[in-house]
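Okay, thanks everyone, let me get the picture up on the screen. I'll talk through the overall fold and then zoom in on one spot.

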Amino acid sequence: NIATLERGNDQTQINTFTGHQFFVTRHGVREGLFDPETDTQHRFVVKSLNQEFVIPKTAAPSVNLCQDRFSICKGEAERGNC
């Protein structure tokens, strides 16, 4: 967990590095947030310092029940975390 944000104009700063990749989930349930038009998970890559990332208002869990809600779950399960 890097940060927890509420709906609206909530903001945070992240101590990170160029090349860092991350994704967003719904708080407490680890449901990845997707673009409802393309059903692709919102993922971000840090390309420069002071880069701003915006979680779209339309971001939501996938409606596709076959979509893995937490894409690293297999690796997490092997460590007993999922």
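So, take the contacts between residues at least 6 apart in sequence: 47% of those join residues at least 24 apart. Keep in mind that this is a predicted model.

What's the order of elements along the chain?

Now the surface. The protein has 82 residues, and 17% of them are buried. The accessible surface comes to about 6,800 Å², with 48% of that belonging to carbon and sulfur atoms.

Which residues make up the largest nonpolar core? There are six of them: F22, V24, L33, F44, V46 and A59. Let me pick two of those.

F22 touches I2, I14, R43, F44, V46 and F53, once you set aside residues up to four places away in sequence. Two of the names on that contact list, F44 and V46, are also in the core.

Then there's V24, which sits in the loop between β1, residues 21-23, and β2, residues 25-26. Is V24 buried or exposed? V24 counts as buried, because its relative accessibility is 12%, and the cut-off for buried is under 20%.

And what does V24 contact, beyond its neighbours within four places in sequence? That list is E31, G32, L33, Q41, H42, F44 and I55. L33 and F44 from that list belong to the core too.

Last one: V24 and T4 are 20 residues apart in sequence, and their C-alphas are 9.8 Å apart in space.

Definitions and conventions
Residues are numbered from 1 along each chain as its sequence is written. This is a predicted model: local features need pLDDT of at least 70, side-chain atom pairs count only at pLDDT 80 or more; totals for chains, interfaces and linings use all residues. Side-chain values use heavy atoms; hydrogens and water are left out. Helices (H or I, at least four residues) and strands (E, at least two) are DSSP runs, numbered from the N terminus. Buried means under 20% relative accessible area, exposed over 50%, partly exposed in between (1.4 Å probe, protein chains only). Contact means heavy atoms within 4.5 Å. Accessible areas come from the Shrake-Rupley method with a 1.4 Å probe; for residues, only the protein chains shown count as cover. A nonpolar core is a set of buried Ala, Val, Leu, Ile, Met, Phe, Trp, Tyr and Cys residues joined through side-chain atoms within 4.5 Å.
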